[in-house]
2 protein chains.
Amino acid sequence: MKNALLNLSLLTSSVWSPISGGITAPDGFLAAGISAGLKPSGKKDLALLYAPDGACCSGTFTQSVTRAYCVDLCIDRIKASEGKIRAVVINSGHANACTGSRGKIDSEMITHKLAQLLRLSSEEVLICSTGVIGEAIPVEKVNSHLDQLINSLDKEAYLDAANAILTTDLQVKQIAYQAVLGGRRISIGGMAKGSGMIHPSMATMLSYLTCDVGVDHVLWSDMIKRVAESSFNSITVDGDTSTNDTFLAFASGAELDPRYLSILEEGLHLTAQHLAKSIARDGEGANCLLEIKVEGASSDLDARAIARTIASSSLVKTAVHGSDPNWGRIIAALGRAGTSFNLNDVKLWIGPYEIFSNGTPLDFDRQIVSNFMKARLTGKYLIDDLISIRLRIGIGTGSATAWGCDLSDQYVRINADYTT
Amino acid sequence: MKNALLNLSLLTSSVWSPISGGITAPDGFLAAGISAGLKPSGKKDLALLYAPDGACCSGTFTQSVTRAYCVDLCIDRIKASEGKIRAVVINSGHANACTGSRGKIDSEMITHKLAQLLRLSSEEVLICSTGVIGEAIPVEKVNSHLDQLINSLDKEAYLDAANAILTTDLQVKQIAYQAVLGGRRISIGGMAKGSGMIHPSMATMLSYLTCDVGVDHVLWSDMIKRVAESSFNSITVDGDTSTNDTFLAFASGAELDPRYLSILEEGLHLTAQHLAKSIARDGEGANCLLEIKVEGASSDLDARAIARTIASSSLVKTAVHGSDPNWGRIIAALGRAGTSFNLNDVKLWIGPYEIFSNGTPLDFDRQIVSNFMKARLTGKYLIDDLISIRLRIGIGTGSATAWGCDLSDQYVRINADYTT
């Protein structure tokens, strides 16, 4: 009977259900997105996320040495205020990276003005910038639109905000989940931008997450680190880390019964993974979402290294683009991932098809597998456009998943023809 | 007067002059290259390199966990014989990687037969394979052609050998240098294959070097490790290490006056770097040789990490292909190379043009720089097709150079359309 119940619980889906809405789905959060004339196109280019009093913020950031000053500002202020952040302003079009001493001055001027208008201290306000590297923010334009931005704050303005943070993205990226935990309705919201991490010149992956439960800052920071690992640190489009990458997560509201914390974290992972997959799928020139699942490794760390190496391989990505079940390239990428295993233990699947087992290729029907890949490459966006590659490399308990996309000639044309 | 002499010595070129010939230029070495019917095209596909009695061999090899058995065989036999290797047979078309237990058996059968015919012990004979991963060597075909192969051994057959080791290469890769050291004429020869390290499915970079001076095995091994670092470990086409990468270097002849050893090593570096650059330039779909020079780093190791990261960046490579002086992508790649520096100290040149200085971009003429790049992208093969990117990142003494090529839509088409 116990086994039957276990099986049943595996069959039932997560307690978290997607709902309509975005970053403002959790109680108390407001957002705004307007056009401040920063983008020549006239599209929305200035966003504001406003968190309730008492909200707690943690973040993860680019590891780049040439990171923009706004990243340092976020790190410093979250640390100084122990996460007591109330507002984030986001400008798109100008990365404000590699702009010399102006980077610091401009970021501080904008957040200072915004803090005054919102009657907050500067320490409670963050700024994120995304756009062309080497281009400073037109501070006057931004500052003269801050009143309008604040007046636009609304629970219903989540789509405006999600649009205002985009640069070369083809798709808006947002999601909201809801669950009832201990009789209490809890919501998680998220929005992101990034056409992959492939835009060091139109910099940045930016991601925001909100949640209407209160969580201790240290506990929340630990959760957010784990969430970032399983989502934004598990995607790759071309391995080019940007100067501005930022993920900020807010928790605000009554505390949660500790026994539900693991379920809460599951919801955070779901939300962040959805946003991460949206970014990978929106990689320049991409036609599918590529998923690499690695199991049986001696540790999760090993599994992640392998999954990321395969998802980043230009040869694997071009083979996928050509709907070519080229297992040799996958095995070669596995071999150089820097982890140890016995090739004789390796099994490999593309979609539902087993391709390689115990150190040797199986006699699979290439045409059938290729047709499967071809169908996915023309499938509906984030619905049936997933090509999954699964590897079992031993009997260890380590596992990980990484996401990427195919590498197309379109990617090269976009990046070669883009004129500075 | 001393200064004038120093300047003069800087102006005079290396004591090493390129001469016609290849792997057999040094005294005593013989080579052969024949068609054994391994390639469907009927092109040459079986090569033999024969070293004089007393020759000393060292090598460097792929770090891949999924490496072919022939790599293990080379490592084991060089170790067991302390470098006393006399012959290397090279088959092209079949990588003999991921072929299960056959990999070992087939490699041993061929080298056993060859050793018998050459009246050597098996321990003195190596095998290198290059071709499609997962495909075993047609042992019967190889073994039935070994007599013909041995009969073809000749000092003049260097071009045959250099041709027989190619797979998808567009160009033969060989070079010979000569110098007179202490009144003695010394030659270094080399040949290589590899359309970049971009062929895990048509596996392999293979490189061979010969030299007609005797050098102690330990000393020689140390030199060869340094030579590999400055050449084959400093090129990248798409970062996909192959399962079969092998570099073997032979020294054979009378010992050299120790005071000339550093000049000898200079010649070895020249030879290996020429072969390495030939491989990078012959990368699939490439139109130029991309050279990344990093100076002023705190160590050579740091400089190499930066040079390799930039040379591997898809965004830098596509920008180069589009003759776009996109410094933002170069600086972003610099930032994620995992080394520390101060952005305010960074200077950047593309060709002769200074682009970026002290943390900010200079007001350079984009059109002039773009035209310079465009001319190089259509320049003559390894003559005026070099696009050099130079970075000075501080006041340290560490420096390094890495080579790569542009990333073209042609690269994607070749790798997507290639059918397994």
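A cavity here is a set of grid points where a 1.4 Å probe fits but cannot get out, and its lining residues have an atom within 4 Å of a point. With that in hand, here are the close-ups of this predicted model.

**View 1. The second largest cavity is lined by residues of chain A.** The lining is made up of A:Val316, A:Ala319, A:Val320, A:Asp324, A:Pro325, A:Asn326, A:Arg329, A:Ile330, A:Ile350, A:Met373 and A:Ile389. The top contributor is α10(A), with three residues. By class, the lining holds eight nonpolar residues, one polar and two charged. The volume of this second largest cavity comes to about 40 Å³.

View 2. Look to chain B for its lining, which includes B:Val316, B:Asp324, B:Arg329 and B:Met373. Here α10 (314–321) and α11 (327–335) of chain B are the elements that give two or more residues. Most comes from α10(B), which supplies three residues. Eight nonpolar, one polar and two charged residues make up the lining of the largest cavity. In total, the structure has two cavities of 30 Å³ or more.

**View 3. Several chain A residues carry a "binding site" annotation from UniProt.** The record lists A:Thr167, A:Lys193, A:Thr204, A:Glu284, A:Asn415 and A:Thr420. A:Thr167 sits in the loop between α6 (158–164) and β7 (173–181) of chain A.

**View 4. A:Lys193 lies in strand β8 (residues 184–193) of chain A.** This lysine counts as buried because its relative accessibility is 1%, and buried means under 20%. The side chains of A:Lys193 and A:Thr130 are joined by a polar contact of 2.8 Å.

Note on methods:
Residues are numbered from 1 along each chain as its sequence is written. Chains are lettered from A and ligands numbered from 1 in the order in which they are written. This is a predicted model: local features need pLDDT of at least 70, side-chain atom pairs count only at pLDDT 80 or more; totals for chains, interfaces and linings use all residues. Side-chain values use heavy atoms; hydrogens and water are left out. UniProt positions are given in the numbering used here, feature names are shortened, and annotations may be inferred rather than shown by experiment. Helices (H or I, at least four residues) and strands (E, at least two) are DSSP runs, numbered from the N terminus. Buried means under 20% relative accessible area, exposed over 50%, partly exposed in between (1.4 Å probe, protein chains only). A polar contact is a pair of N or O atoms within 3.5 Å; within protein, one must be able to donate a hydrogen and the other to accept it, and residues adjacent in sequence count only if both atoms are side-chain atoms. On a 1 Å grid over the protein atoms alone, a cavity is a set of points where a 1.4 Å probe fits but cannot get out, and a pocket is an open set with protein on both sides within 12 Å along at least five of seven lines; lining residues have an atom within 4 Å of a point. Grid points are joined across faces, edges and corners, and a volume is the space filled by probe spheres set on the points. Ala, Val, Leu, Ile, Met, Phe, Trp, Tyr, Cys and Pro count as nonpolar, Asp, Glu, Lys and Arg as charged, and the others, Gly among them, as polar.
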